[in-house]
Amino acid sequence: MAEPTTLDGERRTESAIENATRPTTNRSLRWGAYLLALSGVGLIANGAAMLYRVVFEPGFESGVETLGGVTRGELATTHHEVVHYIDHLHVNVAGLMAAVGIAVIALAWFGVRRGQRWAWATAVALPAVFLVHSLPVHQTAGFTFDALAHLGPGILWLPALIAGAVVADRGLRSIDEPADRDGARTG
């Protein structure tokens, strides 16, 4: 058995390599990681729904059936390049949502579940930055569309993100506390 070492300056472990590859037995940390991963699944589903709408639905996006009283079909007959440009932006945003969802799942499963605080911070920061950039635009006077239909499906994953962040943080703190107490005795 290896001597106790410090991994990432956060906590003491039996073996840095063994601990880095083994999920934690801490229940809060495990359930927090599961909830964070669930929020990532929600982001992927939202991205897939947005992509589906671009390809198969007649409106512009959820809750936005017309722009300036013009439907997507009417705009396509007069300015097809504008519709193509709008579609390309929506496809890119859908891909970004899916990519953030995949990152959150990977960070939760392979980092947070193993007690790595950096993974928790990144798994929470990625969707938080996404929200901080996207939500304010929907609160301006220029956004006159059905906000509930537009935003509702896209933020269903938010409670899982918040709950997962809180529960996983409790688990991380419970892992950090014994190491802090041991450090106080030896230091």
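Select α4 and α5: α4 passes α5 in a left-handed crossing (the near helix is turned anticlockwise from the far one by less than a right angle; clockwise would be right-handed). Helices here are DSSP runs of H or I with at least four residues, strands are runs of E with at least two, and numbering starts at the N terminus. The model is predicted, so local features need pLDDT of at least 70 and side-chain atom pairs count only at pLDDT 80 or more, while totals for chains, interfaces and linings use all residues. Residues are numbered from 1 along each chain as its sequence is written, and side-chain values use heavy atoms, without hydrogens and water.

Stay on this pair. α4 and α5 pack at about 160°, with axes 9 Å apart (axes are lines fitted to C-alpha atoms, for helices over the stretch in contact, and angles between N-to-C directions run from 0 to 180 degrees). The two helices are therefore roughly antiparallel (over 145 degrees; under 35 is roughly parallel, 65 to 115 roughly perpendicular, the rest oblique).

Now show side chains. From α4, take Leu96, Met97, Val100, Ala103, Val104 and Leu107; they meet Trp118, Ala119, Thr122, Ala123, Leu126, Pro127 and Phe130 of α5, contact being heavy atoms within 4.5 Å. This contact has 12 nonpolar residues, 1 polar and no charged (nonpolar: Ala, Val, Leu, Ile, Met, Phe, Trp, Tyr, Cys, Pro; charged: Asp, Glu, Lys, Arg; polar: the others, Gly among them).

Last, display the largest pocket, with about 600 Å³ of space. Its 25 lining residues include Met50, Glu61, Met97, His138 and His150, the closest to its centre. A pocket is an open set of points on a 1 Å grid over the protein atoms alone, where a 1.4 Å probe fits, with protein on both sides within 12 Å along at least five of seven lines; a cavity is a set the probe cannot leave, and lining residues have an atom within 4 Å of a point. Points join across faces, edges and corners, and volume is the space filled by probe spheres set on them. α4 contributes most to the lining, 5 residues.
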